Structure formats: C-alpha cells, structure tokens
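Hi,

Here is the structure I promised to pass on to you. Have a look at it first, and then read on for what turned up.

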Amino acid sequence: MNISEWLLTNGLGSFASGTISDVRTRTYHGWLFATTNPPSERKLLLSHLEASLEVGERVIALGTNFWSSGEIDPQGYKMLSSFELYPLPKWTWGKENWQLTRQLIMPYGLVEKESSPSISFDQRLLIQYRYEGKESAVLKLRLLIGDRDFHHQQTHSQELHFSQLLGKQEVCLQAINSDQFGTPWHLRWTQGEYKADAVWYWNYGLSEETKRGLGDREDLYSPGYLTVHLQPGDTVTLEAKVGLPNSLQTILLPESFAEAVDKEQERLTQIFSRSQNQEESFHFLSPTKQQLIKAGDQFIVYRASIAGPTIIAGYHWFNDWGRDTLIALPGLALVPQRFDLAKGVLNTFGLYCRHGLIPNAFPDRDGEPFYNSIDATLWWIETLGLYLEATADWQFLAAQFPIAQQIHKAFVGGTRYNIQVDAIDGLVSWDTYGVALTWMDAVVDGLPVTPRRGKPVEINALWYSALCWLSQWAEKLSQLDVGDAVRLSKQGQRYAQQAEQVKASLQQFWHHQLGYLYDTIEPDDRRNSQIRPNAVLALSLHHCGFSQCQGQQVLDLATARLLTPYGLRSLDPQDPQYIGKYEGSPHKRDRAYHQGTVWSWLIGAYIRAWQRFYPEKPLPFDWQPLLDHFLYSACLGSISEIFDGDAPHPPRGAIAQAWSVAEIIRHI
C-alpha cells in the first residue's frame, strides 16, 4: 500500500490532502480544509467521498480505511492501478472490463474584482469521475463530513448535529454543536440522485498520528449518498464549496471541471512567463524545475489580517512565520521573477516593524504581531538587499531605508529581550532566560532546548551583512535626489566603519584547533564549540566576514560531519547530545528537532558557501536523492521539512516546507 501523500492548495491557506492509496493516515487528511480567516482557522468540512461501483452483479468497494482496531476495510487500494500527480491528482481503479478515474482540483481562491480594489474568497474543490467499461455501471458516493479545527479529530457526541437542506442537484450542509453554528457549505453535482441517509462512522484509525504520539481516532458523519448511473465514457462532476448557494451561481456543468483546469493553467502561465530572458522563462525550464516552481506557489497565500501576501511555512500544520517567509522569499519570488510579490511581502513586514524588530508571526485577529525572534529582523535586511540587487528598485529602497535605520538604532541602543550591540566589540548579543529567538527555537516544558543566548554566530554574520547593506544603501541614496546627500554619505561611512569593527570581532568565533566557528559566545563569554550548521549559514550571506582559508576549513568539516543526501544535520553525530531519529512523543521529537535532525533548507546555504570558497571545486553533493524525494516519496511534488540525522534519513515533520522547496529552486 502506497501511503505517500499529495497536496492541493488555493492561495488562502485552505488545502486538500491525502495518500496515493486513498487511505487517511493523518488528522490533516481530507478533501476540503477551508479557512474561515485566511490563512488561519482552518476547518475540515469534507473528509472524502466513499466510492463503490456496481458493474453487472458485482459491487466493488473502491475506498480504503484504517480502523482503530487495526483492520483495513474496505481494501480498494488493491483495485488501484495507477496514480498520476501532474497536471492534477488522478487515481485509476480497474479490472479487465471496467475502469474508473477520479481527478481533483482546488481552484485559486482569491478573487480580485477588476472594477474595484475589493476582493472576495472562493473556496471550493472540484471532483470528477470518469467511467469506461463494456457495460453500464452504478457509482455510489457516500459523503463523509465534519466540522472541526484541522489540528483535532472529530468525535461523535450528543451535542454535535449536522443539518442538510436538499435542493436541485445540491445539498447544503452545516454543523450545529451545542447551539453553535458551524461553517455552512454545499455540494453540487452534474448528475445523480441524492438520498439522505444519516449515519455516523466511528473509530477511523490515523496511523501517522499514532507514530507521532498524538490523538489517532476520528469519527465522521455521513448525511447521505449520491447514486449515479453511468454509461461507458460518462463523467460526473461534483463541487464542494464554502458558503450557501446564491441565485447568481451558475449551474454546475460537466465542462466546469475542464474550465477550472484551464483557468488555473492560465493563472500559472501569467505568473511564470514574465522572464525578460527567454532562455530562463518558465516554458524553457526543465520539467523538474517547472514542478519545483509550481510547488513553491502552494506556499504563497493571502493574509486577511494584514490584507496582503505572506508565505505559509509548511503544510499541513504551520501558519506563516516571518523568519521562514524571508528566508524562502528569494527562491519563491526572486528566482521566478515575482518581484511584485517580493516587494509586497517586504513592504508588509516593514510596516509592522516595532522597537526595531520585524514580526515573526501575525495574529489571526486584531492584536499586535509576535516579535519573538532576533533573526527575522536581520533576514528582512538581507532579503531586501537581494531584492534590490535583482531589481534596482531604488524608489522602494528610499521608502524602506528609514525602517532599516530604525532597526540599526534599536540594535545599537537596545530593544526587547535585551537585544543590544556590545559597545566593546560591536557584536549583537541577547540575554533573556526561557525564550528561543533564533531559528533553533524548540521549547520543551517552557525551556528552550538550544537557547543560544549571548552572541550566536549566524546572527552576527547577518549583522555584519546588514551593516554592509546599510553602508551601500546610504551611499546609493546619496547619489539620488531623495534626501540630504552629504548626511547620507556620512551615514554610509559610519555604517562601513562599524562593519569593519564587526568583521574584526567575528574572529572571536574562530576555533583554531577545530578549524570551525564557535556556535555561540555565551553571556558569560564561554564559547560553545558544538559543530552545527550555523557556521555554514554565516559563510553563505551576501556579505561575508570570514577569510578564504577559514571558509574552506569550515566547509571541509561541515562536509565530513553534517552533510547528508538531504541537507545538513543540525548537530555533529559525534556530539554527546546528538539524537539521530526524530520520532516518538511531541516532547521527544522537540528535543531532537535541532540536535541532529537534517534540515533540507540548509543545503542552499551550503551551496552558496561552497561556491564562494571553492569556486573551482566540484560541489560534493548529489542532487538525485533529494530530487527523487521530491518526485516520488513523502508528499509527491514537494520537499519535507526535515529528515532523520541517521541513515537512511527518512523524511519527517511537515510533508511540504516552504524554505525547503525555495532553497532548491535557487540552486537546481
């Protein structure tokens, strides 16, 4: 049984997902997880349609279910003859005298009106079945539905009810739980007869959640089923859509599915065919590169609370995170030349700069963003610099430069979490107990696993690069008619002098005996000599403060200790704190998160560092295992968040991660 996964998204945070064998193994498997406040507050509405086909006198169950008892029933996966991911997920079941295919599409959900700046949300899923055979057949589709938060399973209770209102070739559905009304939605179909037949199905088993030490049992409600009589060559199309039907809604037609496919293809073509260099345009890219860029588009979503674009960190369970968004932006937006997207994201994050900090997360409703990171701010400057290098958009620089100055002033003068530049050496330090402000941010029982208080190496490498950018930008603006040229020029000189001080102070991180960089200089001035990939991050930035000899030594050791076929380990396997497998309970997994687990996004930093310090030497990395993973395992057509540190490095964590895909797009 193939339990590799598939994923569809709609640009709002909604998604559909499941397995190749059509069995649900996760809480996050279902055909319509709809957001009630894009991209957040996602709810399961339609789990799936349980299909059976009557051919002659034989009734064939095509579904596959795991039950909490351990039983697998029915076993429709045995009838599954093929699965295709492109251009749409397509399943084919069949025997000698019949064949049934099913395709799914989740149309893009952000609707912009041409005549006004207003927008609306269109959240729906289209399903199409096609029958081929030697005789007529009867297809029965039983609805399995829910109304629950996407993190938690649904459990039958006396307080939970579902109302249904049957119309012409449609049924409207809504949950009622303890007098609280759920999200209304409706299902339409092109042909068939619907029969209300309310029944609960109890104790679905969710095997992946069992492995993760989480709730692993689900109850689903079925309000009824649709019976469709099919002749060879017939299709039936269904549409599940959030909201109640309205009088202006067009009739669902058999060609509605093809129209949705064409519209999505047109959207992608418009996005990815803007390259000025024809040889770099989308249609001239390899099929794998095209698929990677399409995979990257799945993470780009609209956030209602900021009325602008952002990037989902990963599916299924992540929201958007500032750090992840800014690291992923070059691959997802700059490489495919989606400059308006990059500019919009940078502008939005800049608008929310407070106390010299860029937010790491936005609230779903009214309220202040979360500023619980030190590196999101510095990544904003780094990514802004990459955007400007790609676009020469100096007008945008002029608008953003005061924010960059505000960040510099806050870091020098001190801001939240005791973030402050050390007056003696110019390095950035922070010291607040009980929080984790760098990307190694796992917290267990209220305590960071890898706190990294003091002066982390990649933070100060980012700080050095930021000062270089500031100096460069001040000088550029002094040449343009955007302010006091003399004052800007002097500011540029001061930033350059400070950058030189920081560059000299970065040598405090050099471990002569090890030939590597200390990971952190702690508040009491002790050096942490653990071999972690943060040293490689420090070498990979646009401006680098380390010598050729140092860079080569760091890369040699990182290659020997950290490099795997899927990315870099987060800790040297020879370290006593190394944990080679990311498995077990949430606490156990969180403790392993940055203690040896492989992070595929780090391969981008490794490659950039290698190209800088070994420009003439072949890259000691074979892309094929990671590309095979992208094409054939875990979530087909995406890259997993993490992998075990120990061979054979099975994929773990989120099945599709934005910065994992983005960094591969940058370098493949």
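In this predicted model, the axes of helix α5 (residues 339-351) and helix α6 (residues 375-391) approach to within 11 Å, crossing at roughly 150 degrees. The crossing of α5 past α6 is left-handed. From α5, the residues that make the contact are F339, A342, K343, L346, F349 and G350, and α6 answers with W380, T383, L384, Y387, A390 and T391. By class, that contact holds eight nonpolar residues, three polar ones and one charged one.

Helix α5 turns up again in the largest pocket, where it is one of the elements that supply at least two residues each to the lining; the others are β11 (110-112), α2 (256-272), β22 (300-303) and β23 (308-311). The pocket holds about 920 Å³ of space. Its lining has 26 residues, and Y108, L110, E112, R267 and I271 are the closest to the centre. Which element gives the largest share of this lining? That is α2, with seven residues.

Two helices, α4 (322-334) and α12 (586-592), each provide at least two of the lining residues, and α12 gives the most, with three. Here the classes come out as 14 nonpolar, four polar and seven charged.

The largest cavity has about 60 Å³ of space, and the residues around it are R24, R26, T27, H29, L44, S47, R148, Y204, L206, E218 and L220. Strands β4 (40-55) and β20 (217-230) are the elements that give two or more residues to that lining. Its residues divide into four nonpolar, three polar and four charged.

The second largest cavity comes to about 50 Å³. Lining it are W6, S17, G18, T19, D22, V23, R24, G30, W31, S47 and H48, so you will meet R24 and S47 in both lists. At least two residues each come from β2 (15-19), β3 (30-37) and β4, with β2 giving the most, three. This lining has six polar residues, three nonpolar and two charged.

Strands β8 (residues 80-84) and β9 (residues 90-95) run antiparallel and are joined by four bridges. They form a hairpin, with five residues between the two strands. Within it, E84 has K90 of β9 as its bridge partner.

Happy browsing, and best wishes

Terms used: Residues numbered from 1 in each chain as written. Predicted model: local features only at pLDDT ≥ 70, side-chain atom pairs only at ≥ 80, totals over all residues. Heavy atoms only, no water. Pairing = 2+ DSSP bridges. Axes fitted to C-alpha atoms, helices over the stretch in contact; angles between N-to-C directions. Left-handed = near helix turned anticlockwise from the far one by under 90°. Contact = heavy atoms within 4.5 Å. Nonpolar A, V, L, I, M, F, W, Y, C, P; charged D, E, K, R; others polar. 1 Å grid on protein atoms, 1.4 Å probe; cavity = no way out; pocket = protein on both sides within 12 Å on 5 of 7 lines; lining within 4 Å. Points joined across faces, edges and corners; volume = space filled by probe spheres on them.
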